[in-house]
Amino acid sequence: MTENSISGGENVVICAFSLLAVPAVPVVAKTEMNVVVKNPEIVFVADLTRAEAPALVMTTQCELVMKNEPSGQSMTAAISDLKVVACPFLREKREHNVTTVLQPCQVFFKSNQSPSQPQTIELSISSLTLK
């Protein structure tokens, strides 16, 4: 910075600077998502207009973990106590009218993928019993 005098007695400040190109730092995207669903009741019903309409009722618990990083992506899902019963749609009508379609079982799913490797998937189901 220099200070010069102009004929009139005014002082003028002159600033000189240079811009340096700074390389941009790459943004590293990293995402992780955890989802837990406890005791949902999912109902498939044949006819919503009838109180005693037959239905399939699925209950379970589920946990899902998804990760996305520069080194790759992964997803893991654990489903426990997966059960399906056939019964009337309305709870009040179900009392002694329930038939088990799928005995409680566990399902495990895992998927991994990296930029340099093929995708791998693992799926396991414990003691699957359908009626």
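Which residues is Thr60 in contact with, leaving aside its neighbours within four places in sequence?

**Entry 1: basis.** I worked on a predicted model, in which local features need pLDDT of at least 70 and side-chain atom pairs count only at pLDDT 80 or more, while totals for chains, interfaces and linings use all residues. Residues are numbered from 1 along each chain as its sequence is written, and side-chain values use heavy atoms, with hydrogens and water left out.

**Entry 2: Thr60.** I looked up its contacts (heavy atoms within 4.5 Å) and found Lys38, Asn39, Pro40, Ile79, Ser80, Asp81 and Leu82. I located Thr60 in strand E4, residues 54–69; strands are DSSP runs of at least two residues, numbered from the N terminus. Thr60 counts as buried, at 10% relative accessibility. For this I took buried as under 20% relative accessible area, exposed as over 50% and partly exposed as in between (1.4 Å probe, protein chains only).

**Entry 3: salt bridges.** I searched the whole structure for salt bridges (a side-chain nitrogen of Lys or Arg within 4 Å of a carboxyl oxygen of Asp or Glu) and found three. Lys30 and Glu69 form one of them, at 3.7 Å from N to O. Lys30 lies in the loop between strands E2 and E3 and Glu69 in strand E4, so the pair ties together parts 39 residues apart in sequence. I noted Lys30 as exposed at 62% and Glu69 as partly exposed at 30%.

**Entry 4: network.** I found Glu41, Arg91 and Arg94 linked in a network of salt bridges. The closest N and O atoms of Glu41 and Arg91 are 2.9 Å apart; Glu41 and Arg94 meet at 3.6 Å. Arg91 is exposed at 57%, whereas Arg94 is buried at 12%.

Methods
Helices (H or I, at least four residues) and strands (E, at least two) are DSSP runs, numbered from the N terminus.
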